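Reader: I would like to learn how to read the features of a model like this one. Please give the general idea each time, then the case at hand.

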Amino acid sequence: MIGMTALAGPSADAFWAASLRRWNAVCWVLFAAMAVGLAAMDQPGGSRYGALALLGCVVLCYALLDRFPGNPVVRPHVYLSVLVLALGGLAYLRSSYAALFMVTLPHYWMFGRTPRASMGFLGLATAATLAGSIARQGWSLEFFSETLVSTLIVVAVGVLIGLWAHSVVAQSAERARLIVELERTQAELSEAHQRQGAADERERMARDIHDTLAQGFASIVVLAEAARAQLASDPARSAQQLRSIESTARENLAEARELVGSAQRRQDGAAGGSVARTLRRVLDRFAEDTGLTEAADLAEVVCDQQTRIALLRCTQESLANVRKHARASTVGVNLTRRPYGVELEITDDGTGFDPEESAGFGLDGMRKRLAELGGRLTVTSSVGDGTRILAMIPLETAAEIPLENPLETSEGAG
């Protein structure tokens, strides 16, 4: 039985293999019944022994092929050739050739390997059977009315069944191939998602570090330089700047702890509350540290946490750029609730720049942060005419939520 399953080809599924094993058992029973019928019912004489010899050759070859499929003598096509000759001989001897034809009909498809080879051997068996019948009967009415018609009907049924079986096996093989391909594609997609997730997490951490810790350290450096320069001439001012340094360092420490925690919790440090209060604190610290004039119009917009974080980080980054590059005297910050969303506008009267030539990490980080919320960043500036930063987050993302706890924690250095 194992040999039969192997000969059916690697594409046979469990159902097809089980069907072959059942047919293998049926074949042995039918071979035995045919042998008994020839021995007990056929007329004595040479024809009986010749028929038994032909049936014996078929059974022997089938047994060798079934039990020893790898043997070098009886290969599948050798067995089919013996079967063709035996059918022709039995038809000539008129000894149960029709029964053998029907019993072995599936063998042409099992051992033919390909539809073309199976059809070829089946055609040879049909021709041999008809040739044996003609040699025995001649072109008689009996031949045309019985032998020819019955043989063609059996062959037609065998062809249909064989083609259907090959179609089932081919579909099974294609299904198995598609399943393997699907599993491979799913594994590749999973690996790609993992790589993309890791890259997105690294980018998020880099952006958060740039928007919080890096800006805080830059503020500390600027304040330390100013305090050292004014230590002798303006001790009170230096003392104020030292207090700002201490406050900024504490805030940076809190931000660092929050970033470490967010790697596990995936949430930012800003608590629920009014974004206007949050930005007001950032502006007050910025004006205290830089001495610049600030003009703010901050509407009381209560929004979700991610929107609040995005507005806060955009404000911090914009003010840090003003401090480092703009050489401005006045900074304006406007927070407005529009029907289509929330707008944050930050302007300065500094030296300006060419946005097309800007390749800084800060502006790119703001764009990506807003894009994640469906928003956009517009930068308007030219050399000598100041800068205008406009951040917009759509209404769906910035939908108002109930105000529960005002912001009590620090939001980082400006």
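Author: Start with the elements: helices are DSSP runs of H or I with at least four residues, strands are runs of E with at least two, and both are numbered from the N terminus. By that count the chain has twelve helices and five strands. Val149, for example, sits in helix H8 (residues 141-229). The model is predicted, so local features need pLDDT of at least 70 and side-chain atom pairs pLDDT 80 or more, while totals for chains, interfaces and linings use all residues. Residues are numbered from 1 along each chain as its sequence is written, and side-chain values use heavy atoms, without hydrogens or water.

Reader: Is Val149 buried, partly exposed or exposed, and what is the relative accessible area?

Author: Buried means under 20% relative accessible area, exposed over 50%, and partly exposed in between, with a 1.4 Å probe and protein chains only. Val149 has 40% and is therefore partly exposed. Of the 414 residues of the chain, 41% count as buried.

Reader: How is an aromatic pair read, and how many does a search of the whole structure find?

Author: A pair of aromatic rings is described by the distance of the centres and the angle of the planes. Rings of Phe, Tyr and Trp (its six-membered ring) pair if their centres lie within 6.5 Å; planes under 30 degrees apart are stacked, over 60 edge-to-face, and the rest tilted. The search of the whole structure gives one pair. Tyr62 and Tyr79 form it, tilted, with 5.8 Å centre to centre and 45 degrees between the planes. Tyr62 belongs to helix H3 (residues 46-67) and Tyr79 to helix H4 (residues 76-93), 17 residues apart. Tyr62 is buried at 0% relative accessible area, and Tyr79 is buried at 0% as well.

Reader: Which residues does Leu93 touch, not counting those up to four places away in sequence?

Author: A contact means heavy atoms within 4.5 Å. Leu93, in helix H4, touches Ser47, Gly50, Ala51, Leu54 and Arg136 on that basis. Leu93 and Ala51 are 42 residues apart in sequence, yet their C-alpha atoms are 7.0 Å apart. Leu93 is partly exposed, at 27% relative accessibility.

Reader: Which residues does the "transmembrane region" annotation cover?

Author: UniProt positions are given in the numbering used here, feature names are shortened, and annotations may be inferred rather than shown by experiment. The unreviewed UniProt entry lists several spans, including 48-65 and 147-169. Residues 48-65 are 100% helix, with end C-alpha atoms 26 Å apart. Residues 147-169 are also 100% helix, and their end C-alpha atoms lie 33 Å apart.
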